[in-house]
Amino acid sequence: MAKVAILGFGTVGSGVAEVLSMNAASIASRVGEPVEVKYILDLRDFPDSPYADRLVKDFSVIENDPEVSVVAECIGGARVARDFTLRALKAGKSVVTSNKEVVAECGDEFLEAAEECGGNYLFEASVGGGIPILRPLGTDLAANELTEIYGILNGTTNYILTKMIKEGVPFDTALAEAQDMGYAEADPTADVEGHDACRKICILASLAFGRHVFPRQVPTRGISSVTLADVALAESANMRIKLLGRTLRQADGKILAYVAPHLIPEDNLLASVEDVFNGIVVRGNAVDDVLFYGRGAGKMPTASAVAADILDVVKNQGRKVGLGWAPGGDDVMGDLDALPMAWYVRGTGTVPEGSKLPQGARILGCDEAPDTWAFLTEPMTRRELNGCLEAFSETFVLPVLA
């Protein structure tokens with residue numbers, strides 16, 4: 001019998017316990033032995049829980065129990081999760097996690113520790129919730145040279161933008177509705193300012209291109225400055241606004257990664273991804289574009305992915321499984337400001353006297369955005385765009401996805 005410990009009995013941790021319990025018979029059949037939750041670590045008490053007898057408050061109980069072969073880290077955050085993960089790996093246990101923050105910040109460290117100590121470190125649930133995306137990158141798409149990944153990686157911001165696009169609801173009202181629905185936290189900063197999407201694109205970039213990419217290396221912009229005028233002007237150009245995380249590998253091997261709201265054409269694969277759903281496009285030189293779509297968060301979808309990693313470890317005890325990458329560094333990232341892209345530029349009032357639009361610019365206008373001017377540029381680098389905008393003041397600029 002395989003014994004598992006769950007760290008954190010919140011939304012995801014409790015969901016993992018439920019998945020392992022309700023599917024116990026089929027799980028045992030698939031992996032060849034029963035999988036049992038022996039411990040659940042949490043500082044809170046849950047006297048009415050059917051798992052109350054398994055709750056412990058001291059991690060060393062789990063760390064020092066040789067029967068526990070797999071630890072499911074569902075705490076969240078980076079500080080405590082990093083400590084417990086390293087201690088578990090150094091004790092010879094395998095660790096699986098849904099914690100995108102700790103994977104993005106410390107993944108290379110954990111992968112090295114797992115290699116040295118004979119365990120495994122798996123993190124499928126850290127990106128896309130229940131959407132299988134990380135494992136396919138290293139298995140089903142392994143014969144491809146991956147060149148680009150981009151996608152809607154945060155359900156909260158996609159819900160807000162969907163409300164703005166479909167119902168004409170301003171950002172603040174849409175955010176309040178997302179909070180009422182339980183899609184956004186009381187402090188929504190990590191979602192609306194793009195930090196959550198940044199952590200996920202770091203993991204995808206690291207896995208796809210083989211070197212650790214840290215969140216501090218990824219320029220990140222959220223959706224809090226997007227207005228209904230932007231939504232209407234984008235629609236006038238047959239485009240929609242979506243918050244995307246994007247990463248590319250250049251010909252010289254350098255990695256580019258960033259997070260920002262984009263204007264995307266209505267016929268793009270991601271234009272119809274709405275509400276809390278995620279969509280991730282992977283581009284390979286053999287398969288072209290592949291879309292991964294589904295609910296990117298939620299208790300049971302995320303718990304399902306964590307449980308699947310547990311089963312993978314149990315089924316392959318004593319063998320190396322999962323995916324990884326090499327350490328990062330200052331030499332990993334390329335120059336994002338040198339990447340040619342089309343741009344959306346918006347300002348209010350009248351176009352400043354003496355200013356000149358970039359060559360080939362397409363002027364936008366619509367009844368829903370009076371007293372606002374906007375244009376789309378031809379592909380150019382951000383440095384070139386900045387030179388063109390020197391005569392303008394207080395412009396709002398977004399990239400356009402070709």
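Select D42 first, which sits in the loop between β2 (35-41) and β3 (55-56); helices (H or I, at least four residues) and strands (E, at least two) are DSSP runs, numbered from the N terminus. The model you are viewing is predicted, so local features need pLDDT of at least 70 and side-chain atom pairs count only at pLDDT 80 or more, while totals for chains, interfaces and linings use all residues. Residues are numbered from 1 along each chain as its sequence is written, and side-chain values use heavy atoms, with hydrogens and water left out.

Is D42 buried or exposed? D42 is buried, with a relative accessible area of 10%, where buried means under 20% relative accessible area, exposed over 50% and partly exposed in between (1.4 Å probe, protein chains only). Now show the side chain of D42, which reaches the backbone nitrogen of F9 at 2.8 Å; a polar contact is a pair of N or O atoms within 3.5 Å, and within protein one must be able to donate a hydrogen and the other to accept it, while residues adjacent in sequence count only if both atoms are side-chain atoms. Leaving aside residues up to four places away in sequence, D42 touches G8, F9, G10, L55, V56 and K57, a contact being heavy atoms within 4.5 Å.

β2 and β3 pair in the parallel sense over two bridges, and two strands count as paired if DSSP finds at least two bridges between them. Select I40 and then L55, its bridge partner in β3.

Next, select residues 171-180, which form helix α8, and find F171, A174, L175 and A178, which are buried. Seen down the axis of α8, these buried residues fall within an arc of 100 degrees (taken from the directions from the helix axis to the C-beta atoms), so they line one face of the helix. An α-helix has 3.6 residues a turn, so residues three or four places apart point the same way. The buried residues of α8 pack against α7 (155-167) and α9 (189-192), whereas D172 and D180, on the other side of α8, are exposed. Just after α8, stop at G182, which takes a positive phi of about 85 degrees.

Then go to strand β14 (residues 372-376), where five of the five residues are buried. Which way do their side chains point? T372, A374 and L376 point one way from β14, and W373 and F375 the other way. Two strands run antiparallel to β14: β12 (residues 342-348) is joined to β14 by five bridges, and β13 (residues 362-364) by three. Buried residues make up 54% of the 402 residues in the chain.
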